[in-house]
Amino acid sequence: MMIFTLTMVAYTAISMALAIATGQSVVSIATLLMNISFVFMMIFSGLLVNLRTVVPWLSWLQYLSITRYGCAALQHNEFWGQNFCQGLNVTANTTCSFAICTGEEFLMDQGISLSPGACGSIM
């Protein structure tokens, strides 16, 4: 699943770069447009900024990010079903109520949908 996700994100990014380059006759303008678009995609992918903390008038840019969907799919693939606190008794230990012990808790904290059919969707 990881290789498939990475391959699809790479193919999509290459296709977008080719589409931008095809529409421009000057190479420097095409390079500038690609750099600007990919910088915005990296910012709103969820790696550099928690997408739930983005101001509402800028939050629509996350839906244009190719890497956002790939990062969400990879996080869903890696964290689903993980348990990080095997020896911790949560009912007896009230000092660690803020701890994230399961992969599902981490995914919900990141704003990623837990439904298996929508592995790349963001809440």
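Phe 79 is partly exposed, with a relative accessible area of 25%; here buried means under 20% relative accessible area, exposed over 50%, and partly exposed in between, using a 1.4 Å probe and protein chains only. The model is predicted, so local features need pLDDT of at least 70 and side-chain atom pairs count only at pLDDT 80 or more, while totals for chains, interfaces and linings use all residues. Residues are numbered from 1 along each chain as its sequence is written, and side-chain values use heavy atoms, with hydrogens and water left out.

The structure holds 1 aromatic pair. Its partners are Phe 79 and Phe 106, whose rings are tilted, at 4.4 Å centre to centre and with 45° between the planes. Rings of Phe, Tyr and Trp (its six-membered ring) pair if their centres lie within 6.5 Å; planes under 30 degrees apart are stacked, over 60 edge-to-face, and the rest tilted. The pair links distant parts of the chain, since Phe 79 belongs to helix H3 (residues 66-79) and Phe 106 to helix H4 (residues 103-110), 27 residues apart.

Not counting residues up to four places away in sequence, Glu 104 touches Phe 79, Trp 80, Gly 81, Gln 82 and Leu 114, where contact means heavy atoms within 4.5 Å. Gln 75, for its part, is found in helix H3 and is buried, with a relative accessible area of 16%. Leaving aside neighbours within four places in sequence, Gln 75 is in contact with Trp 80, Phe 106, Leu 107, Gln 110 and Ile 112.

On the H1 side, the contact is made by Ala 13, Met 16, Ala 17, Ile 20 and Ala 21; on the H2 side, Ala 30, Leu 33, Met 34, Ser 37, Phe 38 and Met 41 take part.

One of these, Met 34, is found in helix H2 and is buried, with a relative accessible area of 18%. Met 34 touches Ala 17, Ile 20 and Ala 21, not counting residues up to four places away in sequence. The C-alpha atoms of Met 34 and Met 16 are separated by 8.5 Å, with the residues 18 apart along the chain.

What does the secondary structure of the protein chain come to? There are 4 helices and 0 strands, and the pattern along the sequence is α-α-α-α. Helices (H or I, at least four residues) and strands (E, at least two) are DSSP runs, numbered from the N terminus. Of the 123 residues in the protein chain, 27% are buried. Among contacts between residues at least 6 apart in sequence, 49% join residues at least 24 apart.
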